[in-house]
Each structure stands twice: as structure tokens, then as C-alpha cells.
Amino acid sequence: MSHNKNLQFDSKCVHSGISDYGFGPVVPPIYQTSTFKFESAEHGAALFKGETEGYIYTRMKNPTVEAMENAVAELEVGHKALGCASGMAAISTIFISLLKSGDHVVCSKSVYGPTLTLLQSIMSKFGVESTFVDTDIDGEIEKAMKPNTKVIYVETPANPMITITDLEAASKIAHKQGALLVVDNTFMSPALQQPFKFGADVILHSMTKFLNGHADVVAGIIVVKDEEMYLSMRKTLNQVGGVIDPFNSFLVHRGLKTLSVRMQRHCENSQLVAEYLENHPKVKWVRYPGLKSHPNYQVGLKQHSAPGGMISFELNGGFKAGEVVMNSVKLCALAVSLGGVETLIQHPASMTHLSMGAEARKDAGITEGLVRLSVGIENVKDIIDDLENALAKIPVTEKAKA
Ligand SMILES: *Cc1c(COP(=O)(O)O)cnc(C)c1O
């Protein structure tokens, strides 16, 4: 594994996490077993005491899972990683591990929905208090800090406005009082953004998205910087139990091999789609980190190497226009989630956020014509043609009502 350290990122994607499995397989075999036999009573005892290397039980450690964990740790340039059953399993394990009653969290307002709910309605039951702020706005994190703030939690870029938080600035604020910066790096992946370089203490991913990249697995991962943090996180994960299974680990590991080339195409396509949309008369505005019109464009240049695959835009014509586009696209799939090879389109007002009602949506900043695109790796001409046809179906009269 150590010779990989000198490789370029794309080479690491292909080679990371592979060790010797006896027969010389090029990819890690799937050790689909719940438990491992001990050679003797003494061997079992030594394993439990941690005096010898080996495997005991798959919730604790499994070779297929370990291979994938090592690969992600290498790609994030971290110490070790912990595979989880989902992104949310990773996030809840982190909170349970790092926080105790009486602690305070400063969290991005525009964070993944269930993360917000986890802090607001579950962690609060255990005496952990949270403040939600616009972490992309200078000075907002600092204002929200309290003497008992133990964690600053950010997602960048974040839904729904693709807001960008300055990681270096956030880590400085955290470290000034011994708090930790936890970063959800799902939207960029380590191919485009490596938060440890900017002072992050813990990184997590929903591997359901770009890391696996093929929309066929739900999984998550935690990446840490040192052994002490690793051991305490591992203990929590082992006891809370939200571990990934060997088969899903195998699939994610396979997905990782093409991460670099996939991200390159996601970015190339997204840039062209974003520019196309920005010049379209039926589109009010576009948010994409690769557009100079993005309010945090400069911060983005500092911390990511390319702008990613996620675009938000607002249609002239509001709710109705959104419905028309959803019902007119053919190539783009109407679906939540993101980061797969296929282009996905979503209209929060008529889909994920419909039940909230128009008033609550307005309060949450979810506008009626907001559309979110996860741009896939198809030929960009086909994606743009599909959007062109769908946008043409919006009645011109709707534009006036915008
Ligand atoms: C999807 C997602 C999650 C949650 O991950 P699951 O794998 O669905 O549990 C967390 N953060 C971000 C940014 C996501 O997009």
C-alpha cells in the first residue's frame, strides 16, 4: 500500500487498497462471511487482546471492507477510514462519537435535510444543542460560536443553492478553541477537494453518490487523520453498528477506480450545461461553482480543483414551469440522489419539498421554480438537447408571471 503514496491521484484511484490475498487476484475478493475461525484458544485470545493482526467478526473488521476503507483513506490523504451502511450512518456515528450532553454544534443552514433533523430532533434529546448559520457568509460561524462549541459541521458545496464555505477559515475558527471541523465532502469527492489540506479534522461521504458513482449502492464513510481518533470512532461504530457489508464495499471499491475520469467528465459536462442554462431566456439564474456569477466563486477556486457535477437553477414561470420541465425531459431521470453516471433532475417544489407547502418552502429558501441537476457522463449534446426540448415546452405566458 505504501508505494501508492507517490502515485498521481488517478493512479491511486486504480491501485489503492489492494493487498495480497493469497491467489494473486487483481481485485479484493468478496469475503461474504459474518465470522472468522480462530486457529486455537490462544489465537482467539490474542486477537481479542489486539496482540495479533486478524479478523474476528465482520461488524468489527472484514478484509473486503478494509480494502475499500484503505482506498478511500489514501484518496483523501487521511490516516484511516471507516465504512458505514449509509452516509447518515457515518454522520450519526461521528456525532455520537464526538459529542456529549452539554456540547454545542455550529452547522451549515443549507445542510443535507436528514443531517439537520438528526441534530435538531435526535441529538437534542441527548443534550446536544445546535445553531444553524449561513456558513458561506463571512463572520457568521464566528458569531455562532459558544464556549461549549465542540464541532463545526459544514457541507461544501451544499444544497440547494450550491453554497460554498471557506474550509480554511472555518478550521481556524474551530481550532482557536479546540473544536473540530467536520466536513461532508460528498458533492466534490477527493478527486476535486481534499478538506484535510484546509484544516478539516474529520471527513465523511455519502458513498451512495460520486464515490460509488453508479446509483446502485447506499453507503457512507468516515475518514480520520490519526490513530487516536480512528480508535474512538471505530469503537463507536462497532457499538452503534452501522457498518457497511462486504458486497457493497466491493461495489464501491470498483466504483472508485473510475472516480477520476468520471469526475472529469461530470465537470466538463456541467460547465457546458451551466453556461447553456445561464444564457437561456426561460432561466432566471444558475448556481454552479464554475460560473463567475457564483457568489463564492473565488473561495471555490482556492479549495477545489474543478467545479463538480451539481447545478441548481431557477425557471422563469415558477412551480408550473418546473412541472412542465419535469414532465418533458426524456434523457434526464426524475429522481432524487446524485453523483451517478446518469443525469438526474429534481424539482423540489413539486417533489421532495411538496408536502411542506408554499409558505414553508419560501421560508426555507426553496423557490417555486428551483430545479436541481446532477449532471451525468452522457455526451453533453444529448443532455443539452433534452433540456432544450423541455424548456421549449414552458408556455411563454408563464414567463410574465415570474
Ligand atoms: C445523500 C447525502 C447524504 C446522506 O447519505 P445516504 O447515503 O443517503 O445516507 C449526506 N450528505 C450529502 C451531501 C448527501 O448528498
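For the classes used below, Ala, Val, Leu, Ile, Met, Phe, Trp, Tyr, Cys and Pro count as nonpolar, Asp, Glu, Lys and Arg as charged, and the others, Gly among them, as polar. This is a predicted model, in which local features need pLDDT of at least 70, side-chain atom pairs count only at pLDDT 80 or more, and totals for chains, interfaces and linings use all residues. Residues are numbered from 1 along each chain as its sequence is written, and side-chain values use heavy atoms, with hydrogens and water left out.

**Domains**

The chain is divided into domain 1 (2-30 + 62-256) and domain 2 (260-401). These bounds come from an automatic or database domain assignment. Taken over C-alpha atoms, the domain centres are 26 Å apart. Domain 1 puts 32 residues into the contact, and domain 2 puts in 32 residues. Contact means heavy atoms within 4.5 Å.

**Pockets and cavities**

Both kinds of space are found on a 1 Å grid over the protein atoms alone. A cavity is a set of points where a 1.4 Å probe fits but cannot get out. A pocket is an open set with protein on both sides within 12 Å along at least five of seven lines. Lining residues have an atom within 4 Å of a point. Grid points are joined across faces, edges and corners, and a volume is the space filled by probe spheres set on the points.

| Space | Volume | Lining by class |
|---|---|---|
| Largest pocket | about 890 Å³ | 15 nonpolar, 11 polar, six charged |
| Second largest pocket | about 760 Å³ | nine nonpolar, six polar, eight charged |
| Largest cavity | about 60 Å³ | five nonpolar, three polar, four charged |
| Second largest cavity | about 40 Å³ | seven nonpolar, two polar, no charged |

Where does the largest pocket lie? Domain 1 and domain 2 both give residues to its lining, so the largest pocket lies between them. The volume of this pocket is about 890 Å³. It is lined by 32 residues, and Val 111, Gly 113, Pro 160, His 353 and Ile 366 are the closest to its centre. Helix 5 (113-122) and strand 12 (370-374) are the elements that give two or more residues to this lining. Helix 5 supplies the largest share, four residues. Helices (H or I, at least four residues) and strands (E, at least two) are DSSP runs, numbered from the N terminus.

The second largest pocket has 23 lining residues. Nearest its centre lie Gly 54, Met 60, Lys 61, Tyr 230 and Arg 234. Helix 2 (41-49), helix 3 (63-75), strand 1 (80-84) and helix 8 (227-240) each give two or more residues to the lining. Helix 8 gives the most, with six residues.

There are two cavities of 30 Å³ or more. Residues lining the largest cavity include Met 60, Lys 61, Glu 69 and Arg 234. Helix 3 and helix 8 give two or more residues to that lining.

Among the residues lining the second largest cavity are Pro 157, Phe 187, Pro 289 and Met 310. Domain 1 and domain 2 each supply at least three residues to this lining.

**Cysteines**

A disulfide is a pair of cysteine sulfur atoms within 2.5 Å. By this rule the count is zero.

Buried means under 20% relative accessible area, exposed over 50%, partly exposed in between (1.4 Å probe, protein chains only). Cys 13 is buried at 2%, and Cys 84 is buried at 0%.
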